[in-house]
Amino acid sequence: YQYIIESLSMDDGEVFNMYREVGSIYNKDEFQLKLTEDILKPDFESKTFEGRQRLLDNLIGYYAIMEGIFFYSGFVMLLSFNRQNRLQGACEQIQYILRDESMHMNFGLDMINHIIEENPDVWTEEFKQSVLAKIKLGVELECAYAKDCLPTGVLGLNPDIIREYIQHIADRRLEKLGLPR
């Protein structure tokens, strides 16, 4: 990364400190770290009701929010270059990555639905509301990030179009989980 930054005459301090200095990046990063923190703990177990809910919550955070919303938002920004015949080689690679991530996401959402089917007791109304709130927060964080990335728009994209797109893909993830749009 250092070579790329230097070759573009960018300030490496500015680039590497963005995670701490740009609010939308910092907030999104902090949110992402919390999405899967439970299943990474050495004492995590799923034998109890609470453990199964934490597992489900972390899986939803990973597959529905990170892979299903955040990745797709990043892809649309990159693929917008392709629509204008720019960065065609890179965009072709992004299309392959998008295909793979789509398979990962769909696998994860199917797995979540199977866990819910096998453990319907964990899919309480209170838990569903918690999932909805977390997905809505993810959408807002991604929209804020997109606004910082595209403050005046580029290549036909602007924060309003990206917001509409992010809300659309979030609705698809919610529908897949059997939750209201």
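A residue counts as buried when its relative accessible area is under 20%, as exposed when it is over 50%, and as partly exposed in between. Keep that scale in mind as you look around this predicted model. With it, F71 is partly exposed because its relative accessibility is 29%.

**Aromatic rings**

- A search through the whole structure turns up 5 aromatic pairs.
- One of them joins F71 and F75, whose ring centres are 6.4 Å apart and whose planes meet at 70 degrees, so this pair is edge-to-face.
- F71 and F75 both sit in helix α4, and because they are 4 residues apart there, about one helical turn separates them.
- While F71 is partly exposed, F75 is buried because its relative accessibility is 9%.
- Another edge-to-face pair is made by W123 and F127, with 5.8 Å from centre to centre and 65 degrees between the planes.
- Both W123 and F127 are buried.
- F71 and F75 also belong to a cluster, which they form together with Y72.

**The largest nonpolar core**

- In soluble globular proteins, nonpolar side chains tend to be buried together.
- Here, the largest nonpolar core has 43 residues, and the members that touch the most others are L56, I60, I112 and I135.
- Two or more residues of this core come from each of α3, α4, α5 (88-118), α6 and α7 (159-176).
- The biggest contribution to the core is made by α4, with 14 residues.
- To see one set of contacts, pick out I112: leaving aside residues up to four places away in sequence, I112 touches L56, L59, I60, Y63 and L177.

**The largest pocket**

- The largest pocket holds about 1,000 Å³ of space.
- Its lining is made up of 27 residues, and those nearest the centre of the pocket are Y19, G74, L78, Y145 and C149.
- By type, the lining residues are 21 nonpolar, 3 polar and 3 charged.
- Helices α1 (2-7), α2 (12-21), α3 (23-35), α4 (49-83) and α6 (125-149) each give at least two residues to the lining.
- The largest share of that lining, 8 residues, is supplied by α4.

Note on methods. Residues are numbered from 1 along each chain as its sequence is written. This is a predicted model: local features need pLDDT of at least 70, side-chain atom pairs count only at pLDDT 80 or more; totals for chains, interfaces and linings use all residues. Side-chain values use heavy atoms; hydrogens and water are left out. On a 1 Å grid over the protein atoms alone, a cavity is a set of points where a 1.4 Å probe fits but cannot get out, and a pocket is an open set with protein on both sides within 12 Å along at least five of seven lines; lining residues have an atom within 4 Å of a point. Grid points are joined across faces, edges and corners, and a volume is the space filled by probe spheres set on the points. Ala, Val, Leu, Ile, Met, Phe, Trp, Tyr, Cys and Pro count as nonpolar, Asp, Glu, Lys and Arg as charged, and the others, Gly among them, as polar. A nonpolar core is a set of buried Ala, Val, Leu, Ile, Met, Phe, Trp, Tyr and Cys residues joined through side-chain atoms within 4.5 Å. Buried means under 20% relative accessible area, exposed over 50%, partly exposed in between (1.4 Å probe, protein chains only). Contact means heavy atoms within 4.5 Å. Rings of Phe, Tyr and Trp (its six-membered ring) pair if their centres lie within 6.5 Å; planes under 30 degrees apart count as stacked, over 60 as edge-to-face and the rest as tilted.
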